[in-house]
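Let's take a walk through a protein chain together.

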Amino acid sequence: MKSDKAAGPSGAPAAPTSRRSVTGTRRTVAALFLLPALLLLGALVVYPIGYSVVRSFYDQPGDGFAGFDNYQALFTDDGIRTALKNNVIWVVFAPTVATALGLIFAVLTERIRWGTAFKLVVFMPMAISMLAAGIIFRLVYDQDPDKGVANAVWVGVHDTFAESSAYPKAHPGRESPLEATGGGAFVTRGTVSVGDTVALPLVGVAPDLIPDDAARAAAPKPEADRITGTTWQDFTRGKGVGTLNEVDADELGYPGMKIEAVKDGTAVETATAGADGTFSLSAKADGAQLRLPASNFQEPYNGLDWLGPSLVTPAIIGSYIWMWAGFAMVLIAAGLAGLPRELLEAARVDGANEWQVFRRITVPLLAPVLAVVTVTLMINVLKVFDLVFIIAPGSSQDDANVLALELYRKGFSEDQPGIASAIAVFLLLLVIPVMWFNVRRLRREVRR
């Protein structure tokens, strides 16, 4: 007996076949759409990772199996150990400071009138490439205060409290009554007595560097109960030396020059030269030698060596924070906008001050967002290369070295592809736990 369902135009047996056909077609179409992306993923990600892992176990020419020798070099090579140490510094400080600044900016911009404009300014560095940012900060950290903004500010603050010398190159000329003493000072060859006039000529200061308040030098006038003198530039542009060790009409005084009367190595009196270079000492200086202390001839303060061996890594981290604090601020501000305002207002009604509200309510509620920002920046700094390569000068690049830069140097400059591959694999192993933590956290958020 034949079943009526077998031949029915709308019978049940036809439905499963139709559904299987449609499902298979959809899978085929999905596979075709995914195929280009999978091919690119395999060619640009999977294959390079696999090749790097295999290559890391071979010697530098690639002919012989080296085992774990390349990985052993990660902990014995001085350059790689410095890079590893610097990477630890980067991971600890850069994400923490950038996230903290982003949090502060996000909270404060909610309370100021021009908050949106401020956010735009802080976020703007994200639009600049790492290459451009590196060039900018190479100039910012220039040692010359006339070029480097950092040292211009630093020198300005320093000179506000400790003025630099105006005569760093001054020194005695020919047949001078002054002679050099220890520590950069100059002292008269003989002693002085009450009623004497003393000439303290110097040369070596470029005319355009003499202070603006310098006047024409005046010959000292004798005083019966005092010791008088003049300190001046014993040289005139275009005329050279006139009468040696004597004040000529066109020569300028050394205003502000300090003069000490010294007995047995101790200063018994001090004077400061006027605009015309003249000075006067009391009878206390009788029988003393006159000394021009070394403070008159100190080189101008040129600030900090930002790109020197000791400061280059913190300086580069500062440039990174300048770029990425805006990224942290935008993400945290988005999380802040989603906070339940009734909780904040309830805390204020209960008597909590703004610091307590921030510490006990705002920060705990923003913890998931702060975790996202911090983990993202940690992954980013593990791969940092551009800023270090561009900002650090050749003399300090070894001290600023990081793993990504060392990978580049081993692979391309030193022709050691085996060690370079081992560094690449090691970097991947460092990133995987951070990514795994981030993925787990995201899955927990989705389940909620």
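Start at Arg341, which is partly exposed, with a relative accessible area of 36%. Here, buried means under 20% relative accessible area, exposed means over 50%, and partly exposed is in between, using a 1.4 Å probe and protein chains only. Before going on, a word about what you're looking at: this is a predicted model, where local features need pLDDT of at least 70, side-chain atom pairs count only at pLDDT 80 or more, and totals for chains, interfaces and linings use all residues. Residues are numbered from 1 along each chain as its sequence is written, and side-chain values use heavy atoms, with hydrogens and water left out.

So who is Arg341 holding on to? Its partner in a salt bridge is Glu110, and the closest N and O atoms are 3.0 Å apart. (A salt bridge is a side-chain nitrogen of Lys or Arg within 4 Å of a carboxyl oxygen of Asp or Glu.) This pair links distant parts of the chain: Glu110 sits in the loop between helix H4 (78-109) and helix H5 (115-123), while Arg341 is in helix H9 (residues 341-349), 231 residues apart. Helices (H or I, at least four residues) and strands (E, at least two) are DSSP runs, numbered from the N terminus. Glu110 is partly exposed too, at 42% relative accessible area.

Searching the whole structure turns up twelve salt bridges. Another one joins Arg291 to Glu260, with the closest N and O atoms 2.7 Å apart. This pair also links distant parts of the chain, with Arg291 in strand S8 (residues 289-292) and Glu260 in strand S5 (residues 258-263), 31 residues apart.

Now try a pair within one helix. Glu406 forms a salt bridge with Lys410, the closest N and O atoms being 3.5 Å apart. These two are four residues apart in helix H13 (residues 403-413), so about one helical turn separates them. Glu406 is buried, with a relative accessible area of 2%, and Lys410 is buried as well, at 3%. They belong to a network of salt bridges that links Asp77, Glu406, Lys410 and Glu414.

Next, the surface. Which residues make up the nonpolar patch there? They are Leu34, Leu38, Leu40, Leu41, Leu44, Val45, Val46, Ile49, Val53, Leu428, Leu429 and Ile432, with about 1,000 Å² of accessible area together. Patches are made of residues with over 30% relative accessible area and no salt bridge, joining like charges within 9 Å and nonpolar side chains (Val, Leu, Ile, Met, Phe, Trp, Tyr) within 5 Å. Helix H2 (14-55) and H14 each supply at least two residues of the nonpolar patch, and the largest share, nine residues, comes from H2.

There's a charged patch as well: Arg440, Arg443, Arg444 and Arg447 gather in a patch of positive charge on the surface. Arg443 lies in helix H14 (residues 417-447) and is exposed, with a relative accessible area of 53%.

Finally, check the record. An unreviewed UniProt entry carries the annotation "transmembrane region" for residues 29-49, 88-108, 120-141, 320-340, 361-382 and 419-439; such annotations may be inferred rather than shown by experiment. In the model, residues 320-340 are 86% helix and 0% strand, with the end C-alpha atoms 33 Å apart.

Technical notes: Areas by Shrake-Rupley, 256 points an atom, 1.4 Å probe, with all protein chains shown as cover. Lys, Arg positive; Asp, Glu negative; His and termini not counted. Charge placed at Lys NZ, Arg CZ, Asp CG, Glu CD.
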